[in-house]
Amino acid sequence: MIDYQNVHLVGHSVFDRHLPKHETLVDPALYAGQVVSERNRRQREGYAHAVLAKILVYRGEPSAEHDPMDYARSQSQKSHWERDARVHVTLRPLKYEYQRDAQGRPATLHDGSRIVTGKREKGVDVLCALAAVREARSPETDLVILASSDSDLAPAIDEVLKLRMAKMETTSWYDPVTRVDRALRGGATRVWNTRLTKVHFEAARDRTAY
C-alpha cells in the first residue's frame, strides 16, 4: 500500500534532491518488488517469504481546469502503472487555494478563471488508512505493508494490530551515510520496517517520458 507523494518526495529529498522532482518518479510495481525482495532477504530463517499479490497506490490528482498538462500526465502515469494487473491507482483531486478579492470572493482573470495561489493533497492519508484496515480484515490477506513516513497514518497501524488478523509492516527510505530514518511507527507495539537505500531507489525509478 503506497502513499505515493510521500514515497516519491521523501525519496527525492533523501537521495536525489539535486534533480527536478518530476525526474525522480517511482514506478509502483518496481518499488513494491524492491520492498518485498529486501523484506524477504532480511527475513529470519524458518519464516515464510512474502508474495506480492496487490499494489494499492494513493495520490493526489491535478485539476484538468487549472493544471491541464499535469492532469494529463497523471492520467498517463495511472494508465502506464496499471498495465501491471497487481497495481490499482486511486486518485483524489488536489485541494486548490485561490486569490480572493476585498469581499473575500475568489478573484478572477479577464476570462473568468480563478487565480490559483496554492494546491495540496487532501484526504489521501485517510484513504490509505481506510485501505490498510480494509485489507487487513480480508481473509485473503496475510500481510499488509504500508509505504509512507506520514505520522498521521500511525493510528491505522495500531488499528490493524488490534484486529489480530493480517500482519502489519512498514517500509521507508534510509541513507546509511546520514542515517536519516523516516520509518513510520505505531503506538506501543513495534512493527517490522524494511529499509530501502539508494540502490533500491534507483531500481524503482520510473524513467518513462510522460
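Predicted model: local features only at pLDDT ≥ 70, side-chain atom pairs only at ≥ 80, totals over all residues.
Residues are numbered from 1 along each chain as its sequence is written, and side-chain values use heavy atoms, with hydrogens and water left out. Local features require a pLDDT of at least 70 and side-chain atom pairs a pLDDT of 80 or more, whereas totals for chains, interfaces and linings use all residues.

The protein chain contains 6 helices and 9 strands. These elements are DSSP runs numbered from the N terminus (helices: H or I, at least four residues; strands: E, at least two). The C-alpha trace spans about 70 × 35 × 35 Å along its principal axes. Of the 210 residues, 44% are buried. Buried means under 20% relative accessible area, exposed over 50%, and partly exposed in between (1.4 Å probe, protein chains only). The accessible surface comes to about 11900 Å², and carbon and sulfur atoms account for 50% of it. Areas were computed by the Shrake-Rupley method with a 1.4 Å probe; for residues, only the protein chains shown count as cover. Contacts are heavy atoms within 4.5 Å. Among contacts between residues at least 6 apart in sequence, 67% join residues at least 24 apart.

In soluble globular proteins, nonpolar side chains tend to be buried together. Here, the largest nonpolar core has 24 residues. Such a core is a set of buried Ala, Val, Leu, Ile, Met, Phe, Trp, Tyr and Cys residues joined through side-chain atoms within 4.5 Å. Ile2, Tyr31 and Trp173 have the most contacts inside it. At least two residues each come from helix H1 (4-15), helix H2 (28-42), strand S2 (55-61), strand S3 (87-93) and strand S6 (143-147). H1 supplies the largest share, 5 residues. Beyond its neighbours within four places in sequence, Tyr31 contacts Ile2, Val7, Val26, Ala147, Thr171, Trp173, Leu196 and Ala204. A second, separate core has 20 residues, among them Ala129, Val144, Ile157 and Val160.

Helix H1 also holds His8. This histidine is buried, at 8% relative accessible area. Not counting residues up to four places away in sequence, His8 touches Lys21, Thr24, Leu25 and Val26.

The chain carries 33 positive and 29 negative side chains. Lys and Arg count as positive, Asp and Glu as negative; His and the chain ends are not counted. Each charge is placed at NZ of Lys, CZ of Arg, CG of Asp or CD of Glu. The centres of the two sets lie 3 Å apart.

The structure holds 16 salt bridges, each defined by a side-chain nitrogen of Lys or Arg within 4 Å of a carboxyl oxygen of Asp or Glu. Arg205 pairs with Asp16, with the closest N and O atoms 3.5 Å apart. The partners lie 189 residues apart: Arg205 in the segment after helix H6 (198-203), Asp16 in the loop between H1 and H2. Arg205 is buried at 11% relative accessible area, and Asp16 is buried at 5%.

Glu202 bridges to Lys198, with a closest N and O separation of 3.3 Å. The two residues are 4 apart in helix H6, so about one helical turn separates them. Glu202 is partly exposed at 27%, and Lys198 is partly exposed at 33%. Salt bridges with shared partners join Asp16, Lys198, Glu202, Arg205 and Arg207 into one network.

Glu135 forms a further bridge with Arg134, the closest N and O atoms being 3.8 Å apart. Here Glu135 is buried at 12% relative accessibility, whereas Arg134 is partly exposed at 45%.
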